[in-house]
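These are my notebook entries on one structure. I record what I looked up, beginning with a helix and ending with the nonpolar cores.

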Amino acid sequence: MVWLQDIVYAIKSLWAVKSRAILSTLGIIIGVMSVLTVASVSLSAQDLILGQVTSFGGDLIGVIPGGSQEDEPPPIALGIVLTTLRLDEVDDLEGLPGVTAVVPYVNSTRTVSLGRESTVTQVIGVNEQAQTLEDFDMAEGRWFTTQDVARFSRVAVVGATVAENLSIGGENILGETIDVKGVRFMIVGITEEQGSAFFQNMDDRVLIPVTTAQRMVAGIDYVNFIRLRVSEDGNVERIKEEVAGIIRHNHHIQDPSKDDFTITSTDQAAEMLSNVTGAMSGFLMIVTAIALLVGGINIMNVMFVSVRERRREIGLRKALGANSNRILKQFLAESGVMSFAGGLVGVLIGVGFSYAVAVVVTHYGYSWNFFMPISYLVISLVIAAAIGMVSGVSPAMSASKLDPIEALREE
Amino acid sequence: MSKKEDFIKLKGVTKDYDIGEVTIRALRGVDLTIRQGEFAAIMGPSGCGKSTLMHILGFLARPSRGKYIFNGRDSSDFTDDELAVMRNMSIGFVFQAFNLLPRTSVLDNVLLPTNYSPNVDRAAVKERALHILDEVGLSHRLENHPNQLSGGEQQRVSIARALINDPSLIMADEPTGNLDSKATIEIMDILTALHQKGNTIVMVTHEKYLSGYCDRVINMNDGVVV
């Protein structure tokens, strides 16, 4: 109970020097605010990144051309186009147990026009299994059939954004004919809005049969990458091994270290990305923790000044019966209250700021979730108060050791 | 409880201060008895040791040698915390410079010593503080801050503060040193009234005419009572 009393007195005597108390807690306020903001934004960023990687749901395996020597930059970074993955390899992979879909991708960026409207977008060649793999719904029309792919059909399924960009006055463009690089495609379907996955806008693209894409749009005889969807009871690691075996056989490779392709899985990508973001947020936390430390030093400084200025008061209190312990507690309570209050304000600003970040990022179209675990709030408050107490120890000790006669004699 | 006669007893009390390598002997063997209910003035030129004697009587300092017996108890082996309790419960200090807490109401200033008292009944001490403030004529000033009061009023607050724990001994260190003559008379009248109610008061002063209020004058010179 004596502590409670001390805290009440501490609040009273701090209230008497309001503006100084507020200034001295500024360091703590900024420290707590930035720690909380960094923590919250890191959680949201991690969530966003993992959400992008796992947005198709379930486990995906990707096959990209080029080996994965860790000490070399990927070939794509050097502007080298790898042509080693072939369309017929998809057929070899299709029969694998535990695989529900195998989709080749042929990507290119093109101007797509309908009448006088035109838009620059991704034109992607896929096979009929892409809907199963990417797990999207059709808003209107139909999806590709096996025949569409086999017969080099000139049909297209467009994303919601493309449909919007190409339509004149909100008119339905289903059944219209679009022009891609001089080739005419009939729009047979429009996909539901999907947002983004793998950091690509899934609504701003045109899907066409992969065969048509190779021959008439991209003019290539290879594919950019292949994705496989693993069934729920499928063993990702085993399937990766089997896929690697088949492609090695196709490419006549004996030594796995000489692979001219790389196989990744969403697990792997998610793990790698969360390691990277984890390291980033750890680093930022350390930087902001330094701000908190500086805040503590600031409080220590102010407490020393305060003890120096109030020597007379301390002498008086001692003369009236306060023992050293009570004087110690009085000053510890003051520094504790100061930094706890600073922590409280810092928490409020930190929560507000992180929330504002979430609102702004969401406004720009990302699915940014706001995270602020209660445990973070409690921990920051406890740490803030602890920093204040620790910072107050040395000044409070010097106050408690004052000789009342000496202290009272001062003018 | 000891007899009235030897309420306070000093026997061969000396006090040395070490200042660097020099030792200053502030008290050189003081023998002194103060009876209960006495109003004693300690007088003497500055540097005679009257302040040091005051500090020892008020448990702010310990004698270097000799015995200080207060109300039958030998205080020689009191711990620092026990000294603090003595200052809190048995002594009421009135200072020359009032020493009130700034930015703190009159009532809270009077209640200040009770913050450090064991087992305080908050409502009872507040009641008592109001009663004492009424007696010193400040019941209309309860919520004022010290800087809004005249010197005489401030010293009355500090007397009220000295009385809050009903001390056995009131120590007044030049209580009128910072006051004009009108306020001086006011304060001396209050001290006289307290004396008449049976309080023991020791007052340090160098104003000869003030000793007229007291029933005993203790003259000091060069660290001894003369």
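**Helix α12 of chain A**

I looked up helix α12 of chain A, residues 374-400: its 27 residues reach 37 Å from first C-alpha to last, close to the 39 Å expected at 1.5 Å a residue (1.5 Å times one less than the number of residues). Helices here are DSSP runs of H or I of at least four residues, numbered from the N terminus. The model is predicted: local features need pLDDT of at least 70 and side-chain atom pairs pLDDT 80 or more, while totals for chains, interfaces and linings use all residues. Residues are numbered from 1 along each chain as its sequence is written, with chains lettered from A and ligands numbered from 1 in the order written.

I noted a kink of about 40° at A:Val393, shortly before A:Pro395; the bend is the angle between axes fitted to the seven residues ending there and the seven starting there.

I listed the buried residues of α12(A), among them A:Ser380, A:Ile387 and A:Pro395 (buried: 20 or more other C-beta atoms within 10 Å, C-beta atoms being placed from the backbone). They pack against α2, α9, α10 and α11 of chain A.

**Nonpolar cores**

I then turned to the largest nonpolar core, which has 107 residues (buried Ala, Val, Leu, Ile, Met, Phe, Trp, Tyr and Cys joined through C-beta atoms within 7 Å). A:Val32 and B:Met171 are among those touching the most other members. Helix α2(A) gives the most to this core, eleven residues. Apart from it lies another core of 47 residues, including A:Leu60 and A:Ile190.

Notes
Helices (H or I, at least four residues) and strands (E, at least two) are DSSP runs, numbered from the N terminus. A residue is buried if 20 or more other C-beta atoms lie within 10 Å of its own, exposed if 12 or fewer, and partly exposed in between; C-beta atoms are placed from the backbone. Two residues are in contact if their C-beta atoms, placed from the backbone, lie within 7 Å.
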